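Visitor: I'd like to learn how to read a model like this one. Could you walk me through a few features?

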Amino acid sequence: MVQYQRLIIHHGRKEESGGSGCCYSKRAKRNFRCLLFFSLLSCCFVLSPYYLFGFSTLSLLDSFRREIEGLSSNEPFTTPLCSEISNGTICCDRSGLRSDICVMKGDVRLNSASSSVFLFTASTKDNTKPEKIKPYTRKWETSVMDTVQELSLITKDSNKSSDSVCDVFHDVPAVFFSTGGYTGNVYHEFNDGIIPLFITSQHYKKKVVFVIVEYHDWWEMKYGDIVSQLSDYPLVDFNGDARTHCFKEATVGLRIHDELTVNSSLVNGNQTIVDFRNVLDRGYTHRIQSLVQEETEANVTAVPDFKKKPKLVILSRNGSSRAILNEKLLVELAEEIGFNVEVLRPQKTTEMAKIYRSMNTSDVMIGVHGAAMTHFLFLKPKTVFIQIIPLGTDWAAETYYGEPAKKLGLKYIGYKIAPRESSLYEEYGKDDPVIRDPDSLNDKGWEYTKKIYLQGQNVKLDLRRFRETLTRSYDFTIRRRFRDEVPRLLVT
């Protein structure tokens, strides 16, 4: 994007000079001709890839430019409720549709045995009603919230209380959240947990303790690299640690904005989803360096990135639904077009750093709509993300992954399959409402959508049709690489 802006500015200067050249002296005219010559020469050099790779690439790049123009936000910061409260106070913001947030300030103490957090104060009224909160970000979804542990936030009179003193005193704030609910599904782990944790805690600049309700060892092992970029302190297992932990301030619950994104106007410092991705990058860098070191062979000279073929990653589904039935032929087609292809089949036990490394070094990612598409967060901005959209999943595919991908600065392509590309076509026939009118089935409820379109459907791509998408993605990648490398080549 930076290089494209420079090109526009350069053209503007050229046009401005051309408009005033008639008034110059002869010497000025000679200088102008030289300037014009070098301007035209540089323009030809920069624009030559448009002719090398076709004007379809030009329109693709221009479209992408328009999509990401809004990435950086300078919108005024909107201060959330309960951000500034007096000492000895509990303030709860229950205005959000997705989550409740309570802030406690003063002498805050944990009592896991009673699922309580106490605030001790000398001015407590006897009729102060405890606040109840479930620190999970799917407030509207009763079925899952019924499974989430509830906490009681209770104000106590410090002069009358005989409760135990602090076993562990922390001189930094605490943030409480639950890893219950839908934790175990990668989409929900990021959307309902990791990204809201970033939104809620980033302004503390790592000087914060995370207290986890319904703690799981595997969660810490899986996401420890990310958590370490948000906090300098060990996690506290609310239920498993019987000690009395004490804080001067605590936030119970997490703030959430939208699907897999960050609303910069609601974050102090105008942080965006790109800043969240930078956290991922810092978190996984050390481990990736170790992986590279382990795989490096002696006396092997790495090929410069711009000389390598573009890398395409196919995120392959392991289950029995929404698989690409002709995946092998898809790989052959992509290789024929000019890609190096990696088929990635992540398991629940696959190390996140390894997935991140594969995605972070790719130029194009392909996958069928599903929770694994959450890994688009691991792609670098300006990378191509092709989501294959099965029948009956249009809204979910665009809402949960398509729109968030654009906000990250990816070149998003939603490939909606034709009825004949769905395994449901042969099962139900072309005239069945399942094929002809998926919305009518979806309107019947989630169970119909889940059973028919998510659990009962596979994809067999029309490779002649899909070739166009791959070719455009290849052209876009070559053009982007050329544009990114030219300034560095000129400097050297």
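Visitor: Let's begin with a helix: on the other side of H8, which residues are exposed?

Guide: Lys328 and Glu336 are exposed there. Exposed means over 50% relative accessible area, buried means under 20%, and partly exposed lies in between (1.4 Å probe, protein chains only). Helices (H or I, at least four residues) and strands (E, at least two) are DSSP runs, numbered from the N terminus. Before we go on, note that this is a predicted model: local features need pLDDT of at least 70, side-chain atom pairs count only at pLDDT 80 or more, and totals for chains, interfaces and linings use all residues. Residues are numbered from 1 along each chain as its sequence is written, and side-chain values use heavy atoms, leaving out hydrogens and water.

Visitor: And which residues of H8 are buried?

Guide: First the general idea: an α-helix has 3.6 residues a turn, so residues three or four places apart point the same way. In H8, which covers residues 327-337, the buried ones are Glu327, Leu330, Val331, Leu333, Ala334 and Ile337. Down the axis of H8 these buried residues fall within an arc of 165°, so they line one face of the helix. That arc is taken from the directions from the helix axis to the C-beta atoms. After H8 comes glycine 338, with a positive phi near 135°.

Visitor: Now strands. Which strands pair with S10?

Guide: Two strands pair if DSSP finds at least two bridges between them. S2 (residues 101-111) is antiparallel to S10, over 6 bridges, and there methionine 104 is opposite alanine 250. S6 (residues 168-169) runs parallel to S10 with 2 bridges, and valine 168 partners histidine 245. S7 (residues 174-178) is also parallel to S10, over 3 bridges, with phenylalanine 176 partnering valine 252.

Visitor: Why is S10 called largely enclosed?

Guide: In S10 (residues 245-252), 6 of the 8 residues are buried, so the rest of the structure largely encloses the strand.

Visitor: How many aromatic pairs are there?

Guide: Rings of Phe, Tyr and Trp (its six-membered ring) pair if their centres lie within 6.5 Å; planes under 30 degrees apart are stacked, over 60 edge-to-face, and the rest tilted. The count is 19 aromatic pairs. One of them joins phenylalanine 118 and phenylalanine 120, edge-to-face at 6.1 Å centre to centre with 80° between the planes. Both phenylalanine 118 and phenylalanine 120 are buried.

Visitor: Which charge sits over the ring of phenylalanine 120?

Guide: This feature needs NZ of Lys or CZ of Arg within 6 Å of the ring centre and within 35 degrees of the ring normal. For phenylalanine 120, the charged end of arginine 109 is 4.2 Å from the ring centre. Lysine 156 lies over the face of phenylalanine 118, at 4.2 Å from the ring centre.
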